[in-house]
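Before reading on, please take a moment to look over the chain and its fold as a whole. The paragraphs after it take up one part at a time.

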Amino acid sequence: MASSGMDLTDVRATMLRTLHLRALDANSPAPVLGDRYAAEAVRRIDYDWGRLAKRGLANDCYAVALRANRFDDLAAGFLRRHADAAVIDLGCGLDSRAFRLAPGSGVRWFDIDLPEVVELRRRLYADGDGYRMLAGSATDPRWLRELPSDGPTLVIIEGLLMYLSPAANRELFRRLTEHRTTGEIVFDGVAPWVAAKSRVLKRCFPRWHRAPAYLTSQRDYPGIIAETPGLRQITDVGVLTDTHRAPDPSVRRYYGLLGKVAAIENWMRVFRTAF
Ligand SMILES: C[S@@+](CC[C@H](N)C(=O)[O-])C[C@H]1O[C@@H](n2cnc3c(N)ncnc32)[C@H](O)[C@@H]1O
C-alpha cells in the first residue's frame, strides 16, 4: 500500500481531496464520472480519508465529477481533431484522465506535477507507450524543455491556477505558448467571491481552514489571456450548468436550483483558449 505522507495544509495534498471526491462519485449508485481508477487509488493509498469529510461545493463529489467530465469532453474533442497531439496535464495530481480517455497510439501524453506527487503517482501508475510522468513545478521553465515543441498541443490545467499568483500564471501562459506552435489551453477558475472567502478564512481561522488560499480568480483571466501573445478565448462555461449529465434526478434537481443563483452558478468555470 502506498502512503501519501502529506499534510492537508500543503498545496500538494489538494489532489487527495479531488481524488477522494472522484472515488466517492465512482462508488455512488449513479456516478457522474465513474472514475474506477480513482476508487482503486483510494483503496491503495494509506491515508485517513475520513479527514477529508467537509461540506461545501468544493467538497461535493458530483461538482468535482462534473468539472472532470467537462475537461474530459474538451480533451476528447481535441484528440478527435488531432490524432497526433501532445497532451500536457499540468498539476495532474493522481488523476487518471490519460487512462479514462485511452488516446490513440499517435498521441503523446505528459502528466506533470510536483516531485512528491509524481513519486506517489509512480506507485500507482507506470510510464508506457506514449505516456510519461514528469516531476516539475508550473513556475519552473525546465520541464518544458523535455517536451516536444512540434504539432498541436493540448494543455490541461485542472484545479491548479487558483493556487498560483496572477503573475505566476501570466508567466506560465507566456512560456507555454512560446514553447508550442499551436494548440489549446483549458483551465478552470473560481469566482472572485470564492477566492476572497478562502483568503479571509485562511487569515482569520488558519487552524480550521487548512487548505491553501486561492490567489487567482476568474477576474484575473481576461488580463492573463490578453497579455499572452496569440492566445484567444473560445468558451467559458460554469461547471454547474452541466447538471444534465448527472444520472440521478435528485442530484440534477439540486444543481439545477443552485445554478439559478448567479453567484453560485459562477462558483467554478472552465475556460477553453486557443493559440
Ligand atoms: C486541486 S489538485 C488537482 C489535481 C488534479 N488536476 C485533479 O483534478 O485531481 C492541485 C494539483 O496541483 C499541483 N500543484 C500545485 N502547485 C503546483 C506547481 N507549482 N506546479 C505543478 N503542480 C502544482 C498539486 O500538487 C496538486 O496535485
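What follows is a walk through helices, a loop, the ligand surroundings and the aromatic rings.

This is a predicted model, in which local features need pLDDT of at least 70 and side-chain atom pairs count only at pLDDT 80 or more, while totals for chains, interfaces and linings use all residues. Residues are numbered from 1 along each chain as its sequence is written, and side-chain values use heavy atoms, with hydrogens and water left out.

Helices (H or I, at least four residues) and strands (E, at least two) are DSSP runs numbered from the N terminus. We can begin with helix H1 (14-27), whose 14 residues should span 20 Å at 1.5 Å a residue, and whose end C-alpha atoms are 20 Å apart, which agrees; the expected span of a helix is taken as 1.5 Å times one less than its number of residues. H1 is mostly covered, since 12 of its 14 residues are buried, where buried means under 20% relative accessible area, exposed over 50%, and partly exposed in between (1.4 Å probe, protein chains only). Among the buried residues of H1 are Thr-14, Leu-16, Thr-18, His-20 and Arg-22. The buried residues of H1 pack against H2, strand S2 (45-46), H3, helix H4 (97-101) and helix H5 (115-122).

Between helix H1 and helix H2 (36-44) runs a loop that holds Asp-35. Asp-35 is buried, with a relative accessible area of 2%, and its side chain reaches the backbone nitrogen of Tyr-37 at 3.1 Å. This is a polar contact, that is, a pair of N or O atoms within 3.5 Å; within protein, one must be able to donate a hydrogen and the other to accept it, and residues adjacent in sequence count only if both atoms are side-chain atoms. Leaving aside neighbours within four places in sequence, Asp-35 is in contact with Arg-22, Ala-26, Asp-95, Ser-96 and Arg-100, contact meaning heavy atoms within 4.5 Å.

Helix H3 (residues 61-81) has 21 residues and reaches 30 Å from its first C-alpha to its last, close to the 30 Å expected at 1.5 Å a residue. Like H1, which is mostly covered, H3 is mostly covered, with 17 of its 21 residues buried. Its N-terminal end is capped by Asp-60, a side-chain oxygen of which lies 2.7 Å from the backbone nitrogen of Tyr-62.

Which residues come nearest to the ligand? Of the 19 residues around the ligand, they are Thr-18, Gly-91, Asp-113, Ala-138 and Glu-158, a residue being near a molecule or strand if one of its heavy atoms lies within 4 Å of it. A polar backbone atom of Gly-91 is 2.7 Å from a nitrogen atom of the ligand, and a polar side-chain atom of Asp-113 lies 2.6 Å from an oxygen atom of the ligand. The side chain of Ser-137 has an N or O atom that is 3.0 Å from a nitrogen atom of the ligand.

The aromatic rings can be read next. Rings of Phe, Tyr and Trp (its six-membered ring) pair if their centres lie within 6.5 Å, and planes under 30 degrees apart count as stacked, over 60 as edge-to-face and the rest as tilted. By this rule the count comes to 10 aromatic pairs. Phe-173 and Phe-187 form one that is edge-to-face, at 5.1 Å centre to centre and 80° between the planes. Phe-173 lies in helix H6 (residues 166-179) and Phe-187 in strand S7 (residues 182-190), so the pair ties together parts that are 14 residues apart in sequence. Phe-173 is buried at a relative accessible area of 1%, and Phe-187 counts as buried at 0%. Elsewhere, Tyr-37, Phe-99, Tyr-125 and Tyr-131 form one aromatic cluster.

The buried residues of H6, including Ala-168, Leu-172 and Leu-176, pack against strand S3 (86-90), strand S6 (152-157), S7 and helix H8 (221-226). Strand S7 also holds Gly-183, which is buried, with a relative accessible area of 6%. Not counting residues up to four places away in sequence, Gly-183 touches Phe-78, Thr-153, Thr-273, Ala-274 and Phe-275.
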